[in-house]
Structure formats: C-alpha cells, structure tokens
Amino acid sequence: MGEFVVHGGHRLEGAVRINGAKNAALPIMAAAIMAEDPVLLHGIPRLRDVDVMTRVLQAVGAEVHWTAAHDLLIDPRSIQHYAVPLDLMQEMRASLFVTGPLLARLGQAQVFQPGGCNIGDRPIDLHVQGLHQLGAIPYEGDGILLLQCSTLQGSDIHLSYPSVGATENIMMAASRATGETRIRNAAMEPEIVDLAQFLETMGAVVRGAGTSEIRIVGQKELRGTEYTIIPDRIEAGTLALATAAAGGHVLLQNCIPDHVPGLWGRLREIGVEVREIDAENVEIIAPDRYKSASISIHTNPYPGFATDLQPQFTAFLLKVPGVHLISERVFENRLGHARELRRMGAQIVADQRVAMVYGGHSLHGAQVRALDLRAGAALVIAALSAETPTIIAGREIIERGYESLASRLQAVGADVTLT
Ligand code: EPZ
C-alpha cells in the first residue's frame, strides 16, 4: 500500500482549484444508464471511486471513456446486463447507485449487499424499501439482492432517515416510473440538487430537490445530454481546514461557499478569516496563533455540519487551545482517526460516537494509517503542523476521494511526497 510522507511546519500560501464533486459524479454517472443516447459529463474528478464506477458501467454493457482530462462520455445504448460483479460491489458501496437506473432500463437489477466499512454497518434497507414501493420485488439471499419489476409505478415514499443514497436511488428509478412519486424526509445535500438538475437535462421532471420533499413525474424516455457537475464541497472544506491548521493564506477557486454552510461560521468563531470573494471563490487566512476556545460540533444531515468534514475538523481543533467536543450523529463509528491521531501525540479521547479533544498541544510525526478517505485526510492535516515527519499508510484510500492531493498541497508550500 502506498504512503503519504509529510514534513510539517510549512505555511500554505497560494491558490488551489477545487475539483468536481465525487459524491455528485457517482450518482450522475449511474443515472446516465437511463438515457436513450450518449451522455457527456464535464468536471468529473480523476479518482479511484470514479474508476470503479466506470468499471461498473462497463460491466453492465455501457461504453465509457474519457474525452478530456475531466470529461467522461457514457454511451448506455448497449447496456444489457443487470448484475453488478461482486468484486466491484466490494470495492465501493456507491456501486449501489446503479440499482434504480438498471431497474428503470432493464426491469431488473442484481447487486451484492455492500459490506459495512470502518465507519458503520451501512445498511441498505431504505433503498430496498423505496424501490419496493415503486414496484420492484426484492429477493435477498447469500448476500445477493435481486430486484425485479414489470413496470415502475410512482408512489408516496416517506424515508425514516434522510439517506443521501436512498434518496438518489429512488429519484433515479422514479424518473422513469409511470406517474408521480413523492419522497418525504428526503436528503437535502447539494449533490441531491445536482442529480435533480442532471435528470432534468435528460427530460425528467423533478421538483423540490434541496428540500425535504421531492416530487418526480416519471417519463417514458430520458434523452442523452451534456452536463457539468458541481465542485466538491468536502474537498474545499478539507483544504480550508488544512490551511487553518498549517497556517497561511490560501484562495480556494471553484468553491461554492453555500455548499458548506456549517463550516465557515465555526472557522470565523475560532479566529480564521474567511473571505467569500464571490459565488465561486473563498479566501482562507489563518491567524498567527489561536486564542483559547471551547468548540463543540455535532454532525447532522445537510444543512447541518457535514459528517464528511468531521475527521478533518477534529484534526484542526488539535491546534486550538481548550477542550472541544465532537459528536458524530450520522455514522455509528466514525471516530477511528482519534486512535491514529494519538500516535502523533494528540490528546483526544473517543468512543464510537463522541470525542473530547484537548487542543493546543504540539504534535510529532509517526507511522499512521488511513482508515477511510476522510480519516486519511485528517491525518494529512495533522501532519502538516507536526514537528517531525509523518508517514501515512493507505495512499490509495485517500486517493479514493482526493485527486492529486499531494501535488496540490506542494503547490501551496507543503512538503508532501508519495511512495
Ligand atoms: C453518502 O453516503 C456519501 N457517499 C457519504 O460520503 C456521506 O458520508 C453520506 O452520504 C452522508 O452524508 C456518497 O455520496 C457516495 P446515507 P450514503 O445513506 O448515501 C444510514 C465520503 O466520505 N442508512 O445518507 O451511504 C447509514 O447507515 C462518503 O465521501 C440506513 O440506515 O449515506 C448512515 O448511518 C462516506 N439505511 C446514515 O443512514 C439505508 O438504507 C447516513 O447514510 C441507508 C442509510
């Protein structure tokens, strides 16, 4: 497994351009399955997860290839297989996103129950419940989920939890169902809105995306299209927190401030200057030193504090003198990075859901491991201000969600190399 090697102590100065959003690209790539003609996507990040989704689409029969650095052409016209190979399901839970589109195109879909991961069990009951309400009959056994339907019929679906993936899977299937579908207690993340806007360019009728109630009027056909996805708000937040932790002054280009509502106010509260230059550029200026504070964050579905920024924010708080509370309310086990941070001298105690961070103490380098991509990003952030070198194992895990992270950090002054 490859490594990130970080020599801390360098301020970050300069500009970084944010890439397209991984968590918008994956459902939108899946939705392309439903088009009658080719789909050209712009702003697609070069990530391991995007490569896996490309292989999933090719496995069911689509032709997929890059036409430029971040432009992906998907031709769904030769799709004929309804089963996603086990190895691809095991590589990435988001392979599940093709279930709704395959049902819409072929009347059946077979996936494997995605295993749990480091951050939680990750059940798929809300996906199955929603697709079942649209008329798909589920057959489950030996870890396989087979869904079959003669036609998809619009329905009134209430989600017991605003699951991002379940909302997306149901939206996609509903866009090709007969009649109207209402999704209540829907997820409201910006990636939901991006998927809705993409579906509408294909001819779908989707109303209310971004609110807790989404209505979809199914269409007989969806056409090919060309679309540019939104920037990655989690990458933007990660780089903002890296600047706040390492010190310095960095311009985040192609960053939509409104997509991370729970972050900028907290950073300002702690003494970081956040300048919203315009709708797509944010400047981060770290103070020379942090005053003592007592910060608490609780992760919640959007527009609450993003769970995908919790590990990175935890690593940043190690720089802020005082006692801080982290409450992870979305996933049942997303504080594993606390153990790795302790190897670097961090004073942090945690159980599965709550961590106490005693900030303001110096960190030293260590051999640590990325447990998942956001935990890995947290280790990079901590290492940027550690007094001795840090070796982070799991380069491939971090690269699932961050394109060229090392070279982009180097470009603003960090000493980060890869092995
Ligand atoms: C999406 O995962 C993101 N992944 C995750 O980002 C993100 O952390 C998560 O949403 C929450 O914002 C992609 O978009 C590819 P959920 P998803 O369904 O859809 C429970 C990253 O780092 N749940 O909203 O899987 C589940 O166990 C990744 O980029 C059920 O109980 O998240 C969890 O506790 C990590 N039953 C909670 O809901 C279900 O059927 C939130 O999960 C589905 C989910």
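The talk below goes label by label.

Guide: This is a predicted model, where local features need pLDDT of at least 70, side-chain atom pairs count only at pLDDT 80 or more, and totals for chains, interfaces and linings use all residues. Residues are numbered from 1 along each chain as its sequence is written, and side-chain values use heavy atoms, without hydrogens and water.

Visitor: How do you know that the radius of gyration agrees with a compact globule?
Guide: The radius is taken over C-alpha atoms, and the globule rule is 2.2 Å times the number of residues to the power 0.38. For 419 residues the rule expects a value near 22 Å; the chain has 21 Å, so the two agree. The C-alpha trace spans about 60 × 40 × 40 Å along its principal axes.

Visitor: What makes a helix or a strand here?
Guide: Both are DSSP runs, numbered from the N terminus: helices are H or I with at least four residues, strands are E with at least two. The chain has 14 helices and 23 strands.

Visitor: Where are the domain bounds?
Guide: Domain 1 covers 3–19 + 231–418, and domain 2 covers 22–228. Such bounds come from an automatic or database domain assignment. Over C-alpha atoms, the centres of domain 1 and domain 2 are 30 Å apart. The contact (heavy atoms within 4.5 Å) takes 23 residues from domain 1 and 21 residues from domain 2.

Visitor: What does buried area mean, and how much lies between the domains?
Guide: It is the accessible area (1.4 Å probe) that two parts lose on being put together, summed over both. Between domain 1 and domain 2 it is about 1,900 Å², with 51% from carbon and sulfur atoms. Y302, R400 and E403 supply 32% of what domain 1 buries against domain 2, more than any other three residues.

Visitor: Why is the pair E191 and R233 called a salt bridge?
Guide: The rule asks for a side-chain nitrogen of Lys or Arg within 4 Å of a carboxyl oxygen of Asp or Glu. E191 and R233 have N to O at 2.8 Å, so the pair qualifies. Between domain 1 and domain 2 the count is 2 salt bridges.

Visitor: What makes E213 and R182 a pair between distant parts of the chain?
Guide: Their closest N and O atoms are 3.5 Å apart, in a salt bridge. E213 is in strand 12 (residues 213–217) and R182 in strand 10 (residues 180–184), 31 residues apart.

Visitor: Which residues does a cis peptide bond join?
Guide: Y302 and P303, with omega about 10°. P303 sits in the loop between strand 17 (296–298) and helix 10 (310–317).
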